[in-house]
Amino acid sequence: MNALIDALFTHGYYIWDDFLSEHEVAELRDCLPDTWKKARIGRNEETVRAASIRSDKIHWLSPAMGEPVQAYLDKMERIRLAANQHFFLGLFEYEAHFAKYERGDFYQKHLDSFKGNENRRLTTVFYMNEEWHEADQGELVIYDLNDQRIEKVAPKAGRLLVFFSEQFPHEVLPTQAERYSIAGWFRVNGVQGNQLDIAR
Ligand code: OGA
Ligand code: MN
């Protein structure tokens, strides 16, 4: 946890290798759902427009999906508390989805915090691809706010990426092999319109 906090402080992002063991990744993979939905952009966006921007399919996490998912969410809770303690972020809740990218799927360069999702402060992406090879591609490319490319992250099993949502545009390069991840966001509580924006 210290390495994560230090890296967030210094660089704004952290690549946490072996965040979960091979065995734990396998257990999480066993919780992957049978049904997937076309990913949307924002909360109310039509899927049609989204399809040109991202082509992955998603399924939102819930503790009912099994003990490994609960354990994952517990680990995220520990990160939430540590981040709040060190950065006074007031992170309030966590939302996350499994994402499935089939061959050819991609997600164009974007920020995770935008209108409709402006309460996202800290992003996590966890990878579940046991035998990832360079030829599989589907790397996550991270940019800074000046559009300078700063990292190309291979979606290797067990790896967790954490970054400040408002500071790093990123994209998923087209994958050549089936690719699984868990994308998640710590959010602050906010007011939208004149309605308190409570947990989904
Ligand atoms: C996202 C995202 C990255 C990935 O869902 O917002 O950027 O590598 N995902 O799955
Ligand atoms: Mn993203």
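This is a predicted model: local features need pLDDT of at least 70, side-chain atom pairs count only at pLDDT 80 or more; totals for chains, interfaces and linings use all residues.
Residues are numbered from 1 along each chain as its sequence is written, and local features need pLDDT of at least 70, while side-chain atom pairs count only at pLDDT 80 or more. Side-chain values use heavy atoms, with hydrogens and water left out.

Let's start with the helices. Helix α2 (residues 22-29) packs with helix α4 (residues 67-87) at an angle of about 120°, and their axes are 8 Å apart. That angle makes α2 oblique to α4 (roughly parallel is under 35 degrees, roughly antiparallel over 145, roughly perpendicular 65 to 115, and the rest oblique). From α2 come Glu24, Glu27 and Leu28, and from α4 come Pro68, Val69, Tyr72 and Lys75; contact here means heavy atoms within 4.5 Å. These residues divide into four nonpolar, no polar and three charged.

Next, the metal. His110 (NE2), Asp112 (OD) and His170 (NE2) coordinate the manganese ion (ligand 2) at 2.1 Å, where donors are N, O and S atoms within 2.8 Å of the metal (3.2 Å for Na, K and Ca). Along the chain, the donors follow the spacing H-x1-D-x57-H. His110 is buried, with a relative accessible area of 12%, and Asp112 is buried too, at 3% (buried means under 20% relative accessible area, with a 1.4 Å probe and protein chains only).

Finally, look at Asp144, in the loop between β7 (140-143) and β8 (149-153). Its side chain reaches the backbone nitrogen of Asn146 at 2.8 Å. Not counting residues up to four places away in sequence, Asp144 touches Ile150, Gln167 and Pro169.

Definitions and conventions:
Chains are lettered from A and ligands numbered from 1 in the order in which they are written. Axes are lines fitted to C-alpha atoms, for helices over the stretch in contact, and angles run from 0 to 180 degrees between N-to-C directions. Helices (H or I, at least four residues) and strands (E, at least two) are DSSP runs, numbered from the N terminus. Ala, Val, Leu, Ile, Met, Phe, Trp, Tyr, Cys and Pro count as nonpolar, Asp, Glu, Lys and Arg as charged, and the others, Gly among them, as polar. Buried means under 20% relative accessible area, exposed over 50%, partly exposed in between (1.4 Å probe, protein chains only). A polar contact is a pair of N or O atoms within 3.5 Å; within protein, one must be able to donate a hydrogen and the other to accept it, and residues adjacent in sequence count only if both atoms are side-chain atoms.
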